[in-house]
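The report that follows treats side-chain contacts, strand pairing, the nonpolar core and the pocket in turn.

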Amino acid sequence: DGIWATAPYLHNGSVPTLWHLLHPNGRPGVWTRKNDMFDHERVGFSIDEFDAVPTSVKTSRQRRQYFDTSKRGKSAAGHLFPNKLSEPEKRAVLEFLKTL
């Protein structure tokens with residue numbers, strides 16, 4: 001109940017939206033939230049995606065704003081079961097999850 005309000009997803013919070021949960025190959029390596037924006041289409045945090053933490057990030061306080069899935073315990077790998085679904089099936093599952 002209220003799955004839309006429980007982002008980020010997976011046991012370690014490495015997946016920012018339900019869309020990313022259903023698209024394992026599209027999960028970002030590094031992401032940060034856009035203020036307190038909610039992504040109604042993907043269901044979860046509205047994010048900016050990066051290949052790596054930007055080099056402009058110098059302090060640990062700034063670094064905490066980025067979720068880096070390459071770090072130990074923060075992986076977004078695994079949970080590949082959605083790959084068995086077609087794109088229309090994934091859309092249907094996402095639309096269903098929006099109702100919970």
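## Contacts and core

Leaving aside residues up to four places away in sequence, Tyr9 touches Ile3, Trp4, Ser14, Val15, Pro16, Thr17, Leu18 and Val43, where contact means heavy atoms within 4.5 Å. This is a predicted model, in which local features need pLDDT of at least 70 and side-chain atom pairs count only at pLDDT 80 or more, while totals for chains, interfaces and linings use all residues. Residues are numbered from 1 along each chain as its sequence is written, and side-chain values use heavy atoms, with hydrogens and water left out.

Tyr9 is also one of the residues that touch the most other members of the largest nonpolar core, which has 14 residues, and Val15, Leu18, Trp31, Val43, Phe45 and Leu94 are likewise among them. A nonpolar core is here a set of buried Ala, Val, Leu, Ile, Met, Phe, Trp, Tyr and Cys residues joined through side-chain atoms within 4.5 Å; buried means under 20% relative accessible area, exposed over 50%, and partly exposed in between, with a 1.4 Å probe and protein chains only. Helix H1 (18–22), S2 and H3 are the elements that give two or more residues to this core, and H1 gives the most, with 3 residues. Helices (H or I, at least four residues) and strands (E, at least two) are DSSP runs, numbered from the N terminus.

## Strand pairing

| Strands | Sense | Bridges | Partner of Val30 |
|---|---|---|---|
| S1 (residues 30–39) and S2 (residues 44–50) | antiparallel | 6 bridges | Phe50 |

S1 and S2 form a hairpin with 4 residues between them, and Val43 in the turn has a positive phi of about 65 degrees. Lys71 lies in the loop between S3 and helix H3 (87–97), and it counts as partly exposed because its relative accessibility is 42%.

## Largest pocket

The largest pocket holds about 210 Å³ of space and is lined by 15 residues, of which Arg63, Arg64, Tyr66, Phe67 and Lys74 lie nearest its centre. S1, helix H2 (60–63) and S3 are the elements that give two or more residues to this lining. On a 1 Å grid over the protein atoms alone, a pocket is an open set of points where a 1.4 Å probe fits, with protein on both sides within 12 Å along at least five of seven lines, and lining residues have an atom within 4 Å of a point.

Technical notes:
Pairing = 2+ DSSP bridges. Points joined across faces, edges and corners; volume = space filled by probe spheres on them.
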